[in-house]
Amino acid sequence: MSERNTQLKVSAIKDGTVLDHIPAGRLFQVVDILDLSHCSNPVTIGVNLESKSQGRKGIIKIADRFFEDEELSRIALAAPEATVNIIKDYQVVSKKKIELPAEVVGIAKCSNPMCVTNNQDVPTRFTTVVEGEKVKLLCHYCEKTTEEFVPLRH
Amino acid sequence: MPKSLISINDFSKEDILHILSVAREMEANKTQRLLEGKVVACLFFEPSTRTRLSFETAAKRLGAKVIGFSDVTNTSISKGETLKDTIKMVSNYVDIIVMRHPLEGAARYASEVCDLPVVNAGDGANQHPSQTLLDLYTILQTQGRLDKVTINMVGDLKYGRTVHSLLQAMSHFDPTFIFTAPDALRMPAEYKTFLQKRGIPYTETDSLSEHLCDCDILYMTRVQQERFSDPMEYERFKDVYRLEKSMLTGVRENMKILHPLPRVGEIAEDVDNTPYAYYFKQAENGMYVRMSIIACLLGYK
């Protein structure tokens, strides 16, 4: 127990969700995607932590909160390599794999400044297109491809 | 057939062929009172005289009444009304909405906030599907077929939405493409990938004279000033190609020159009287195709 605490460098939670192996530079995107700035549960965020496989990683622990698969799938846009651990009574009771959703609604911003979603109050909607390692977003409205994921601010 | 005409990509090969065959009926019988008692809204959030007149005439030739506006200066939009509210309000009055809007995706959004059919008459630099359908109609009319046609696209192939939509629509019909463009205005990689995936052959050149004699359709486009952020760059490209009558020696007998119009300097006026010039007839065809689109989406054909 105490050994695990030392390794993680952030305090353990009794029950909740731990998102680990988030690329350090993408951590705050994940915070935005899950709208954690409006979350009233205890949230612990660690960034630029040492990781054997990633160099620098980020980690987010949310106490007493368990996400729907659909919510978790959105993380795939920013951090497809992240791992999801479900914690019950300080133990990892399950690990979930993040699956890329086929459609992304109301999360990402369209990169086309002339898109109707950037000029009228229209929720964004994209289909995901996988090209090699990259995930691109094809806008349902302007039909342009967004190469870099940018979360919509809540 | 989809409820609305928003993007040419929503229409299957069968849908496209149906619109074209109804357009042929319309051309044979230019006044049909199919839509007596119906009202068509033509909402032009940005001006486009040519497209608006074509749609309005099409609606009137079918016996419908037309309401709408040709720019937003004296409307509630200039007071800040949202697109959604304008569409919801108008949709209570009419049977079908034809709209042009400067924002890309505006027509798709409009089709989602009301239950009526919506015809996209241009959404910024994105789609202009009635133009694509009239191009297809004209190719069919001049060549007697759509299959296995060689099309030489000339001009601004980078920003030109008509060439991109035509390329996608023609991909159903086993075409061969020639892309004639200056280096800076070449066909974007995504469209070339699209063709490669479907095994459709294409060649690229920056010389207008190189492939004049081995194409069935010469599709000329204007280099559009509004697409260039740098006026110096526009000056460099605006006159890059100029087709003249003297260049047409040795072209195929069936070759026809198309242009979405308006032209500026790409086609010299001495070309107009050659048997190859077809751009004015192409514009006329737009009316029959738009009659067909309105009649089909309202379920009359």
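1. Let's start with one strand pair: B:I151 has B:F177 as its bridge partner in β6(B). Strand β5 (residues 150-154) and strand β6 (residues 176-180) of chain B run parallel and are joined by five bridges. Helices (H or I, at least four residues) and strands (E, at least two) are DSSP runs, numbered from the N terminus, and two strands pair if DSSP finds at least two bridges between them.

2. A word on the model and its labels. This is a predicted model, in which local features need pLDDT of at least 70, side-chain atom pairs count only at pLDDT 80 or more, and totals for chains, interfaces and linings use all residues. Residues are numbered from 1 along each chain as its sequence is written, while chains are lettered from A and ligands numbered from 1 in the order in which they are written.

3. Back to β5(B): four of its five residues are buried, so the rest of the structure largely encloses this strand. Buried means 20 or more other C-beta atoms within 10 Å of a residue's own, with C-beta atoms placed from the backbone.

4. Chain B also has an open four-stranded sheet with parallel pairing, in the order β2-β1-β3-β4. Its edges are β2 (65-69) and β4, each with a single partner strand, so one side of each lacks a neighbour in the sheet. Strand β1 (residues 39-44) of chain B runs parallel to β2(B) through five bridges, and B:V40 sits opposite B:V66 in β2(B).

5. Beyond its neighbours within four places in sequence, B:V98 is in contact (C-beta atoms, placed from the backbone, within 7 Å) with residues including B:V40, B:F55 and B:V119. B:V98 is also among the residues with the most contacts inside the largest nonpolar core, which has 117 residues; A:V30 and B:I294 are others. Such a core is a set of buried Ala, Val, Leu, Ile, Met, Phe, Trp, Tyr and Cys residues joined through C-beta atoms within 7 Å. Helix α9(B) gives the largest share of this core, nine residues.

6. Finally, the domains of chain B: the assignment, automatic or from a database, gives domain 1 (8-127 + 286-297) and domain 2 (130-283). Their C-alpha centres lie 26 Å apart. In chain B, 17 residues of domain 1 are in contact with 15 residues of domain 2. On the domain 1 side that touches domain 2, α1(B) gives the most, with five residues.

Notes:
Two residues are in contact if their C-beta atoms, placed from the backbone, lie within 7 Å. A residue is buried if 20 or more other C-beta atoms lie within 10 Å of its own, exposed if 12 or fewer, and partly exposed in between; C-beta atoms are placed from the backbone.
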